[in-house]
Amino acid sequence: MEKAFGLEVPENLEDACELNRTALIVYDMQIGIFSQLNDGSNIKTQVIKVLQAAREVGLRVFFMRHMSLPKELSGVFQLKTAKAWQRVTSVDDVKPWFLPDSPGFQLIPEITPLPSEGIFNKITMSAFEGTPLDIALRDCGIHTVIIVGVATEIGIEPTIRHAADLGYIPIMVTDACGAGNEEAGQRAVASLKFMGDAFFTTVEEISLILRKKAKI
């Protein structure tokens, strides 16, 4: 850890993972999204491993859920995006996939949040836009966010970029982040690595670091 101007600047992944300043963000592990992945079973296993490690060491954990609005409230951009994603040509054919009372909106049961963990809903791709996440993290003194979930090319990439713009240190657990389109997911990771804003790690490495920190 380099010290400068009264600050501690992490030089590596282990430096960045001070337990009292680190939180886990579990991004959009919802039934309706998760079912679209080709490697869903593997990603689920990997996310659960990171979640277990985070719980063991007492990290703060926040779950994100993507939410649809009724069509009458969706607005221009929401309707335009829905038409593109659902490959329909008319708003009449758009179906809100993630209404709060729909089965697809719910988190997969294997990662049911604990009473001590938070759930935030969003209609955006970045987990920070239009949600209380930034306020909650800052109020808890969080500097580093570990990110797992789906999908890399849709929501995780903008969340990592937004986290960096807000002054957080993002950590992407690459083998616990699934992509709906593998090629697009790889491009997203390559772009993030080129920018240099984030740390990148694996499930095994981050779990070892967190458990090591808990023993210090």
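These legends accompany close-up views of a predicted model. Local features need pLDDT of at least 70, side-chain atom pairs count only at pLDDT 80 or more, and totals for chains, interfaces and linings use all residues. Residues are numbered from 1 along each chain as its sequence is written, and side-chain values use heavy atoms, leaving out hydrogens and water.

**View 1. F5 sits in a loop between two strands.**
Look for F5 between β1 (2-4) and β2 (7-9); strands (E, at least two residues) and helices (H or I, at least four) are DSSP runs, numbered from the N terminus. Is F5 buried or exposed? F5 is exposed, with a relative accessible area of 85% (buried means under 20%, exposed over 50%, partly exposed in between, with a 1.4 Å probe and protein chains only).

**View 2. V26 belongs to the largest nonpolar core.**
A nonpolar core is a set of buried Ala, Val, Leu, Ile, Met, Phe, Trp, Tyr and Cys residues joined through side-chain atoms within 4.5 Å. Of the 37 residues here, L24, V26, I206 and L210 touch the most other members. Helix α3 gives the most to this core, with seven residues. Beyond its neighbours within four places in sequence, V26 contacts (heavy atoms within 4.5 Å) residues including V47, F62 and V148.

**View 3. Strand β4 pairs with β3 and with β5.**
Strands pair if DSSP finds at least two bridges between them. β3 and β4 are parallel, with five bridges, and A23 has R60 as its bridge partner in β4. Five bridges also join β4 to the parallel strand β5 (residues 118-122), where F120 partners M64. Six of the seven residues of β4 are buried, so this strand is largely enclosed by the rest of the structure.
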